[in-house]
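Hi,

Here is the structure I promised to pass on. Have a look at it first, and then read my notes below.

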Amino acid sequence: MTQSSADSLKVRCCIVGGGPAGMMAGYLLARAGVDVVVLEKHGDFFRDFRGDTIHPSTLEVFHELGLLDEFLAIPHQKFSEGAASIGGIKTIVADLTHLPTRCKYIAIMPQWDFLNFLAAKAKLLPNFRLLLSTEATDLLWEGDRVAGVVARTASGELRIQSDLVIGSDGRHSIVRSKAGFVARDFGAPIDVLWMRVPKKPEHFGHTLGYVDRGRMLILIDRGDYFQTGYVVRKGAFDGIKARGLPALREDLAALAPPIRDTVQELKEWDQIKLLTVKIDRLPKWHRAGLLCIGDSAHAMSPAGGVGVNFAVQDAVACANLIGEDLLKGPVSEVRLAQVQKRREWPVSVIQRLQLAAHRRINLSPEGGPPINGKALPLRIIRSVPIFRRIMGRLIGLGPRPEHVRPVGGVHGPHAL
């Protein structure tokens, strides 16, 4: 059990960041018997415009944990094909119906529901503790080894000693900064403007993307509204604001007919949030006493909506490879390096694909020539199923999906 006093704790594992990577790692390690505390700087999980796509790889993890039916009882939408209107012609770009998983679809669910579900399940475990409104500010050290975390709470400073610190506190990670880690930035030429646009009931459908005339828009069906992402050239937001909100509304309406009427509900710039897209990766994810996973180790582009699912995959690999060792005490750097080795290749594959996709997007705030929706590459995608199946596997599962190791099993995850 966790040893504690008013201003200190001692645990086997301290996880910084209560996002998908941190909460899943905390649940899995606690399930394996490890004494875990998760620190989340906010007072709850309610933040809008976060990753809300739960892919088949993550749904399979819930199935392996025996939690799938209960998880899917939470209201959600789902789709088994990724489609886009390209040059005015609907094109299926990813087919998930042939995946070797229980759920052959992507579930759309608010991230706070996902995290609240995981938190509720984790809290049932006697060796799990979630500390909300607790912000990590520094690391504790014993020589060159990370030995814990210093955190700020409403009642003052809290010092947490631990055999392992897991940094899962996002792309602006305080953990990786204090550890002296510097990520390699691969550059991303786009940003995304996120907004809510009301949806008419008759506009339910699988078409999620609209691409034409130098512009790109993503519509995610959220029941009574579309979570809408307008992809823009990096740094273009100030110029878009200078053109005025009516001009932006007209651009969105011209690109995506389903929101022509309801986009008029965008009346203030405060309704539009800028997501600065970043693609980076740490050369080394670990040092003695410390491991980074999720966005702390590798920031992903929103392309394909894979960020949440890669964070979960990191957490599964982490628990599989270090859980047994962590029950006994500090984890060797050799074992921590195995987590990076296991996950770095799948991450790098998808990041390279994301970068390649970004380079092919010729965005123009003033608009551009129409796309030929009947061009040969698009005709091939429409007529050759294998292309759609490959994209479905890359998006739905990733290059190397992880599986939950049974408690008390042997080292190492297996793959499909």
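What follows is a short tour of what I found.

Some housekeeping before that: this is a predicted model, so local features need pLDDT of at least 70 and side-chain atom pairs count only at pLDDT 80 or more, while totals for chains, interfaces and linings use all residues. Residues are numbered from 1 along each chain as its sequence is written, and side-chain values use heavy atoms, with hydrogens and water left out.

Let's start with the core. The largest nonpolar core has 83 residues, and Phe-71 and Ile-322 touch the most other members. (A nonpolar core here is a set of buried Ala, Val, Leu, Ile, Met, Phe, Trp, Tyr and Cys residues joined through side-chain atoms within 4.5 Å; buried means under 20% relative accessible area, exposed over 50%, and partly exposed in between, with a 1.4 Å probe and protein chains only.) Helix α8, residues 307-326, gives this core its largest share, eleven residues. Helices (H or I, at least four residues) and strands (E, at least two) are DSSP runs numbered from the N terminus. Leaving aside neighbours within four places in sequence, Phe-71 is in contact (heavy atoms within 4.5 Å) with Ile-54, Leu-59, Phe-62, Met-109, Phe-114 and Phe-117. There is also a second, separate core of 22 residues, and Phe-226, Leu-245, Ile-259 and Val-263 are among them.

Leu-291 is buried, at a relative accessible area of 0%. Its contacts beyond four places in sequence include Leu-164, Ile-166, Trp-285, Cys-318 and Leu-336. Leu-336 sits 45 residues away from Leu-291 in sequence, yet the two C-alpha atoms are 6.7 Å apart.

Now the strands, which count as paired if DSSP finds at least two bridges between them. β4, β8 and β5 make an open, antiparallel sheet of three strands, in the order β4-β8-β5. β4 (53-54) and β5 (77-79) are at the edges with a single partner strand each, so one side of each has no neighbour in the sheet. β4 and β8 are joined by two bridges, and Thr-53 has Ile-108 in β8 as its bridge partner. Elsewhere, β6 (residues 81-86) pairs with β7 in the antiparallel sense over six bridges, with Gly-82 partnered by Ala-94 in β7. Two residues lie between the strands of this hairpin, where Gly-87 takes a positive phi near 60°.

The loop between β7 (89-95) and β8 (106-108) holds Thr-101. At 7% relative accessibility, Thr-101 counts as buried. Its side chain reaches the backbone oxygen of Cys-103 at 2.8 Å, and Thr-101 also touches Pro-56, Glu-60 and Leu-397, not counting residues up to four places away in sequence.

Last, helix α11. Arg-388, Gly-392 and Gly-396 are buried in α11. Down the helix axis, the buried residues fall within an arc of 50° (taken from the directions from the axis to the C-beta atoms), so they line one face of α11. Just after α11, Gly-398 takes a positive phi of about 85°.

Cheers

Note on methods. A polar contact is a pair of N or O atoms within 3.5 Å; within protein, one must be able to donate a hydrogen and the other to accept it, and residues adjacent in sequence count only if both atoms are side-chain atoms.
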